[in-house]
Each structure stands twice: as C-alpha cells, then as structure tokens.
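Q: Could you take me through this structure feature by feature, with the general idea and then the case in hand?

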Amino acid sequence: MSFELLGLKAELLSAVQAQGYTIPTPVQAKTIPVILEGRDVLAGAQTGTGKTAAFTLPMLQLLSADSNIGARGRAPRALVLTPTRELAAQVAESVRTYGKNLRLNSAVVFGGVGINPQIDALKRGVDILVATPGRLLDHAGQGTVNLSKVEILVLDEADRMLDMGFIHDIKRIMKLLPAKRQNLLFSATYNDEVKRLSDGILHNPTQVEVARRNTAAETVSQVVHPVGQTRKRELLSHLIKEGDWQQALVFTRTKHGANRLATQLLQDGINSTAIHGNKSQAARTKALADFKKGSVRILVATDIAARGLDIDSLPHVVNFDLPHVAEDYVHRIGRTGRAGASGVALSLVAHEERDLLRGIQKLLGRDIPVVEVEGFKQDSGRAHSQTPSGSRQDRRPHDANSKGRKPSGFGNRPSARSFEKKDRNYQR
Ligand code: AMP
C-alpha cells in the first residue's frame, strides 16, 4: 500500500514524502479513503499510530476543493478539538506541515497564553482551527470566533477529553456548529461514555479499529526493576549513566515529585527538566522544545502534561512511580517505540506499589518481566514473585512483548468493549 493509492492529491503526497513517510500506517490506510468520501468516522487508534495524519490529510484535501480559499476574514471550515494544549499545538503543526503546498490557513487556540494574538489570527481568516475546548468557548463567548461555517469536526483523543471532564464544554460547542457536517472521532479506548458521545455526534459512521500500537508494533520492550522507594532516584541515575542513555521521558505521579526528581537528577549531573500543569505554558513549551532539540537529556513529566507529547524515536520511558490508573501506564509507554522505532519502557516498582503493578498486568493480560538491578534489590518484600533467577541489569527484555497472552480488545481497560466488527459501517 502506498500513499498514492489512497486518493490524495499531489500537493499532499509531496508534503508526506518530504516527511520521509512512504507507507501509510494502518489507521491512515483505513480512514483516509473513507474520510475523502465524506463519511463520518469512529476510529479506535492510540497516539503513536499516525492518527493525526489520518484525519489531517483528507481534511486538507476536502477543504482545498473549495474555490473560495484565501478570502479574508473567513470563518473556520474545519474544527479539531483536543484535550491538551500540547496536543493542540502538535496537531496544528501537522496541519501546517502537511498543508504547506496548499493555500489553506490554520490557527490554534488554547488557554494559558495570551488571547489577543489568537483573536488577530481568527480575524485574518482561518480555514482550519485547532482548539482546546475551554479557550474555544472563551472565544465564542467574546464573539471572536464564528463556528457556523464548520463543515468538518474532529474530536481527537475523545476518551481523554471525557476523562478530563470536557463533556459539558463539548456539548456547548456542538450547539454552535451547523447540524450538517462531517464528524470524525478518534479515541484510544471505547467505553460507555465514548459510545454515548459518538452516538450523539456521529451519523452512520464507518468504524475503524487498528491494533493497539503497543501490542501490534511489538516494538516496546517492558521491564520492571524492583527497588525500595527511597532508592529510586539513585537507581535511575545509575541506569541513565551506565546505559549511557541519550534521552528519556520519566513519569512521576505528582507535580511536586516531578520538580524534586528533576532537581535531584541535576544534582547528579544529569541535565533534566520537569513539565507539569503548574508550569506556565511558556515554560512547558520551552521544556519540550529543549528536550526535542536534545539540549535536555531527561524530561520528567506528570501524566496530564505528557499527554500528546510527540517526540520522535524516544528510546526510553521510565515509570518512576506507577500510575494509579492502570490505563495511564499504556498511555505512558506509548511515548516510546512510536511509528516503528524500538523502545524500552522501564518501571521502578517499590514494594508498596505491587497492587498497582498487579492492576497493570491484569489490564495488559500478561506479566511484565522483572529484572533486578544488582545492588538495588529491594530490602523488604518484592515487587512481585516472577523474578527470573540470575537476572541482571544487562539482561535486555527484547522479547518482552512476544511472551504471554496478548491484551485483548480495543481500549485495553477492563470496561472497554471491543468494536463489534472492524471496518464496517454500523447503524446507530
Ligand atoms: P500520531 O499517532 O499522529 O501521534 O503519530 C505518531 C508519529 O508517527 C508522529 O511522529 C508522526 O510524524 C509519525 N508518522 C505519521 N505517519 C507516518 C507514516 N506513514 N510513516 C511513518 N511515520 C509516520
């Protein structure tokens, strides 16, 4: 399968080619032709599957067919809603990247930054608007955005928007849109809430499900390192130095924990910075930019802040603390091994976290291999009982994903239901 066969126009094909992409990912191959036909789509695809291009490319193509392009002061014809500022910024960047050979204008609006430049951009005229719900409603309230011309609506990471409590904002936004439009909903998981949302918004959608990337790509090796809580920082510094890691994304449960760890790693001579919700948007953007260009070696993040981070070929993701919500583990490890690159997800697990680990393993449908690092064995109890004998830090969990049962069902959470039939239209 090539991009040419998907029916995309030359301007888009050359933009895709400029990115070095030659083969569409499964979600792209399945959704692009359907979106080009003008149908609604309900897509089960995690971040890292290439979902952004899957909706951006056909959206650009559909919008570019209009002869009115370039008219000053025009209202948005496509609206992409995302749960986080970072994801909004990334989607907007993709829109610019893939649309660089077309005459379409785009803008992104999210909170935490000045509203005036956004108002100016909207005044100039925008074809594609990427937004987080709260700031979009601010604009709507002030009358600085006109949503009555929206032809295509995209809800990106719909499940996370619901998790973050955006349902009322989404409902308010829906009331501002014209009834007749194309709707695309992307979600990593499918539960009752997502179903209710999609039932209320989508019309006779084509359903697309792609294998969860951490199971299908088989590129993320997972490993648990048992360690006492108080020695986690020491172990992390040891792993970074001994393994000569170039870069890693490290997750902590709390904002305070992220700050403290970043400071401690700096004291250990490891260039680190923290990214979390208490930091200003400018500080978050700078931290991410520094990390992307390689001037920061370790980015310490909380779950919400890390949502939507798109960092190419990140080799290591570390769970410094296990997340309370097992599903966040899957989101976290999705930060490595993206788009075919290989990656390792390491979890530093204290005795107190063994129940959390059990919950994660239940969700995954299998155990994560345990590797004790010499000198860091836990003093009290164990993370769990599966320690391979004689295992050492240098044992590489290459085959971590090929062992055991595979996680089942779209969503990878116990309550998540699998889409009944793949790639089939279903009636509401
Ligand atoms: P997403 O799921 O949209 O967050 O995309 C994950 C990553 O895959 C991004 O870094 C994209 O730039 C990259 N990507 C998107 N499409 C392709 C493709 N067809 N081939 C290789 N990489 C891709």
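**Reading a predicted model**

A: Helix H15 (residues 326-333) is mostly covered, with seven of its eight residues buried. The buried residues in H15 are Glu 327, Asp 328, Tyr 329, Val 330, His 331, Arg 332 and Ile 333. Please keep in mind throughout that this is a predicted model.

Q: How should I read a strand, and which residues of S5 lie on its one side and on the other?

A: In a regular strand the side chains alternate between the two faces of the sheet. In S5, Ile 152 and Val 154 point to one side while Leu 153 and Leu 155 point to the other, and as these four residues are all buried, both faces of the strand are covered.

Q: Which strands are joined to S5 by bridges, and do they run parallel or antiparallel to S5?

A: Strand S2 (residues 78-81) is joined to S5 by four bridges, and these two strands run parallel. Four bridges also join S5 to strand S6 (residues 182-187), again in a parallel arrangement.

Q: Where does Asn 204 lie, and is it buried or partly exposed?

A: Asn 204, which is not a glycine either, has a positive phi of about 45°, and it is found in the loop between helix H9 (192-201) and strand S7 (206-209). Its relative accessible area is 31%, so Asn 204 counts as partly exposed.

Q: How do I read a salt bridge, and how many does the structure hold?

A: Side chains of opposite charge can pair when their charged atoms come close. The structure holds 19 salt bridges, and one of them is formed by Glu 86 and Arg 284, whose closest N and O atoms are 2.8 Å apart. That pair links distant parts of the chain, since Glu 86 belongs to helix H4 (residues 85-98) and Arg 284 to helix H13 (residues 281-292), 198 residues apart. Both Glu 86 and Arg 284 are buried.

Q: What separates Asp 199 and Lys 195 within helix H9?

A: The side chains of Asp 199 and Lys 195 meet in a salt bridge, at 2.8 Å from N to O. Because they are four residues apart in helix H9, Asp 199 and Lys 195 are separated by about one helical turn. Asp 199 counts as partly exposed at 25% relative accessibility, and Lys 195 is likewise partly exposed, with a relative accessible area of 27%.

Q: Which parts does the pair of Glu 353 and Lys 232 tie together?

A: The side chains of Glu 353 and Lys 232 meet in a salt bridge, with 2.7 Å from N to O. Glu 353 lies in the loop between strand S13 (343-349) and helix H16 (354-364), whereas Lys 232 lies in helix H11 (residues 232-242), so the pair ties together parts that are 121 residues apart in sequence. Glu 353 is buried, with a relative accessible area of 4%, and Lys 232 is buried as well, with a relative accessible area of 0%. Salt bridges may also share partners, and in this way Arg 74, Arg 77, Asp 127 and Glu 151 are joined into one network.

Q: Which residues gather in a patch of positive charge on the surface, and which helix gives the largest share?

A: The patch of positive charge on the surface is formed by Lys 171, Arg 172, Lys 175 and Arg 196. Helix H8 (residues 167-175) contributes the largest share of this patch, namely three residues. Lys 171 is found in helix H8, and this residue is partly exposed, with a relative accessible area of 49%.

Conventions. Residues are numbered from 1 along each chain as its sequence is written. This is a predicted model: local features need pLDDT of at least 70, side-chain atom pairs count only at pLDDT 80 or more; totals for chains, interfaces and linings use all residues. Side-chain values use heavy atoms; hydrogens and water are left out. Patches are made of residues with over 30% relative accessible area and no salt bridge: like charges are joined within 9 Å, nonpolar side chains (Val, Leu, Ile, Met, Phe, Trp, Tyr) within 5 Å. Accessible areas come from the Shrake-Rupley method with a 1.4 Å probe; for residues, only the protein chains shown count as cover. A salt bridge is a side-chain nitrogen of Lys or Arg within 4 Å of a carboxyl oxygen of Asp or Glu. Lys and Arg count as positive and Asp and Glu as negative; His and the chain ends are not counted. The place of a charge is taken as NZ of Lys, CZ of Arg, CG of Asp or CD of Glu. Buried means under 20% relative accessible area, exposed over 50%, partly exposed in between (1.4 Å probe, protein chains only). Two strands pair if DSSP finds at least two bridges between them.
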